[in-house]
Amino acid sequence: MSKKVIAITACPVGVAHTYMAAENLERAGKELGIDIKVETHGSIGVEHAFTQEEIEQAEGLIIASDKEIDKTRFSGKPIIEVSVREGIDRPKELIQNILDGKGKRYEGAGEVSKESASGQGNLLYRALMNGVSYMVPFVVTGGLLIAIALSIGGNPTAAGFEIPEGSFWSQVNAIGGAAMGFMVPILAGYIAYAIADRPGLVPGMVGGTIAANGAFYGSEANTGFIGGIIAGFLAGYIAKTIKKIPVPKALNSIMPIIVIPVFSSLIVGLLFIYLIGQPVASLFSSLTNWLASMQGANSMILASIIGAMIAVDMGGPFNKTAFLFGSGLIAEGVYNVMGAVAVAVCIPPIAMGLASHILRKKFTDADRQAGTAAAFMGFFGITEGAIPFAAKNPARVIPAIIGGSMVGSVIAMLTNVGGHVAHGGPIVALLGAVDQVPMYFLAVLVGVLVTLLLIAVLLPNIEETVDVLANDNQVETSKDNVIDEDASSSKAEVANETIALTDLMSEDLIMMDLQSNDKNQTLSELLNLTALSERIDQPAEVLAAVQKRESQGSTGMGEGIAIPHAKSESIIAPTVLFARLSEEVDWESLDGLPVKMVFLILVPKRHQGDVHLKILQMLARKLMDDDFKNNLLNAKTTEEVYQILRTVK
């Protein structure tokens with residue numbers, strides 16, 4: 001009977017990262033032969049909830065989440081708690097850690113295993129994102145109801161759209177306003193909840209309510225979402241401090257429901273009324289007025305920063321911070337920041353989705369399938385749809401999507417696109433939740449086109465990647481189209497259709513655990529092998545030819561593999577050398593990863609080219625096989641490597 005592990009995944013918005021982490025954990029469990037069940041805490045609620053029996057039978061619990069998870073039902077269970085990103089990136093390691101007993105038993109108020117500061121997701125960030133995750137539905141609901149009421153029931157006046165009092169749409173507008181009114185209290189309440197658990201909820205919401213109402217501290221303005229954040233952290237840490245005060249056992253039962261909420265609410269409330277409220281309200285009011293008055297270069301700078309933050313980590317901390325900034329200003333009547341956010345969030349997935357279908361030479365069939373899904377996610381403002389493309393080639397894709405999002409964000413800001421809902425994507429424009437709808441679509445369109453252009457320039461064609469980026473693969477012939485006789489005398493005939501890789505090499509052309517510090521040293525040591533003396537005339541000239549090819553574009557094809565190659569008059573016969581490096585070497589590869597294995601292909605200058613192309617095709621096809629690559633990495637002897645390479649035909 002296989003061991004059982006349970007896991008919970010959640011992210012602040014509860015969309016892509018939640019389910020990506022769940023999928024990776026389930027796949028890792030299957031590969032390890034472990035029975036794993038994942039409970040997802042997504043935007044539609046809890047799915048695949050554990051039964052009590054499943055909790056009891058499990059070896060332990062993995063929590064991969066960027067928001068607070070109620071752990072009450074797991075009392076006595078070993079728990080490892082990490083960020084949702086780590087659930088995506090290292091699922092096998094997390095499962096193995098549970099099996100190895102590295103989780104810490106949760107005893108109600110105790111702490112769980114925190115593998116690292118980044119692994120836990122950083123308490124401050126986790127608490128903030130917990131508040132945001134609960135706040136967003138209120139802002140979306142309120143903003144949409146207000147937008148619908150204004151667009152359908154409003155009458156245009158000199159002061160803007162006004163809804164007749166007492167009409168049906170005025171009631172819809174009022175309901176939307178009520179939902180929006182919960183924004184700051186909910187934000188503060190669930191920040192405090194993430195820090196102090198349930199005892200922090202009451203003081204957090206009370207503090208958030210006071211922060212949102214300037215009458216408490218004699219101010220016409222309120223402290224807005226900034227005050228809500230301050231109230232949430234204050235309430236959380238005050239409640240947590242009171243929890244640690246030793247009390248008689250007789251008081252334990254009333255501490256979380258009476259003592260802690262009452263005293264912490266009183267402390268937070270008085271601090272806001274007498275100390276914090278006025279100055280923070282003045283600061284927030286100044287910030288709001290400054291943002292509302294931004295014109296020209298200043299607004300362009302702000303929009304550029306917002307666009308870059310949204311795209312750089314596609315749903316990560318930078319993205320969420322920009323999103324919070326925009327959504328938090330909605331309640332203050334500043335809509336242009338959220339307008340820029342609403343444009344920027346959809347450009348990466350839509351652009352990459354279109355690129356996979358338009359720039360077909362740069363993407364595989366699997367990429368196109370992911371692209372269709374990405375474009376659909378982009379329509380609903382889910383930036384995470386671009387993650388598969390960025391993960392595959394971050395050095396080229398991330399700059400492209402940042403460029404597009406920045407341009408789209410700037411256009412939105414300059415054309416007064418306003419976002420009334422804490423969400424993005426064309427869906428919000430179609431629902432009438434943005435100002436300047438035509439400009440919104442123009443901003444998205446231009447941003448997408450910019451990303452497409454950058455992808456076209458930065459991303460190489462698939463054949464260039466798979467065929468080792470060879471710019472010199474074209475057939476080279478003499479004027480008489482005559483094949484060099486020395487080349488034709490090699491073990492592999494030019495026209496031979498059944499050529500094998502080992503026809504072009506021997507065991508003494510294989511180097512195991514080559515000591516090298518850089519690309520040039522690796523190539524030099526390979527070309528100075530004694531066994532190569534009968535195959536090349538002038539090693540220095542051949543090295544120059546290989547280096548010239550490298551200067552035209554790296555031959556690092558990705559995933560730790562490089563296939564440098566060259567044609568030269570000093571090469572006597574088509575030859576392949578293989579080296580496994582003892583230390584990874586930077587090769588400026590397409591995926592930015594260092595190289596561990598090198599195949600060096602040498603072909604006579606006057607050769608017709610058939611062998612060159614055939615070698616590249618054989619290697620590219622075989623190197624798609626993970627088992628083949630792992631076997632080469634794990635081989636112990638040159639003979640073993642040679643036998644593995646014999647399968648390349």
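# Questions on a predicted model

Colleague: Leaving aside its neighbours within four places in sequence, which residues is Tyr440 in contact with?
Modeller: This is a predicted model, and here a contact means heavy atoms within 4.5 Å. Once the neighbours within four places in sequence are left aside, the residues in contact with Tyr440 are Ala342, Val343, Cys346, Val417, Gly424, Gly425, Pro426, Val428, Ala429 and Val434.

Colleague: Which residues have the most contacts inside the largest nonpolar core?
Modeller: In soluble globular proteins, nonpolar side chains tend to be buried together. The largest nonpolar core in this model has 95 residues, and those with the most contacts inside it are Tyr440 and Ile455.

Colleague: Which element gives the largest share of this core, and how many residues does the other core have?
Modeller: The largest share of the core comes to 10 residues, and the element that gives them is H6. Apart from this core lies another, which includes Met511, Ile561, Phe578 and Phe599, and its number of residues is 50.

Colleague: How far apart are the end C-alpha atoms of H6?
Modeller: H6 has 31 residues, and at 1.5 Å a residue it should therefore span 45 Å. There is a bend of about 30° in H6 at Met135, with the proline Pro137 following within four residues.

Colleague: Is Val136 buried or exposed?
Modeller: Val136 is found in helix H6, where, leaving aside neighbours within four places in sequence, it is in contact with Phe323 and Ala422. A residue counts as buried under 20% relative accessible area. Because the relative accessibility of Val136 is 12%, this residue counts as buried.

Colleague: Which residue's side chain is joined to that of His420 by a polar contact of 2.9 Å?
Modeller: His420 is found in the loop between helix H18 and helix H19, and with a relative accessible area of 14% it is buried. Residues up to four places away in sequence not being counted, His420 touches Gly143, Ile330, Tyr335, Ala433, Val434 and Asp435. The polar contact of 2.9 Å joins the side chain of His420 to that of Asp435.

Colleague: Where does the pLDDT fall below 50?
Modeller: The mean pLDDT of the protein is 82, and 86% of its residues reach 70 or more. Over residues 109-121, however, the pLDDT is below 50, although this stretch has 35 contacts in the model beyond near neighbours in sequence. Where pLDDT is low, the predicted coordinates should not be read in detail. The pLDDT also stays under 50 over residues 464-497.

Notes:
Residues numbered from 1 in each chain as written. Predicted model: local features only at pLDDT ≥ 70, side-chain atom pairs only at ≥ 80, totals over all residues. Heavy atoms only, no water. Helix = DSSP H or I, 4+ residues; strand = E, 2+ residues; numbered from the N terminus. Buried < 20%, exposed > 50% of the residue type's maximum accessible area, 1.4 Å probe, protein only. Polar contact = N/O pair within 3.5 Å; in protein donor to acceptor, adjacent residues only side chain to side chain. pLDDT = per-residue confidence, 0-100. Core = buried A, V, L, I, M, F, W, Y, C linked by side-chain atoms within 4.5 Å. Expected span 1.5 Å × (residues − 1). Bend = angle between axes of the 7 residues up to and from the residue.
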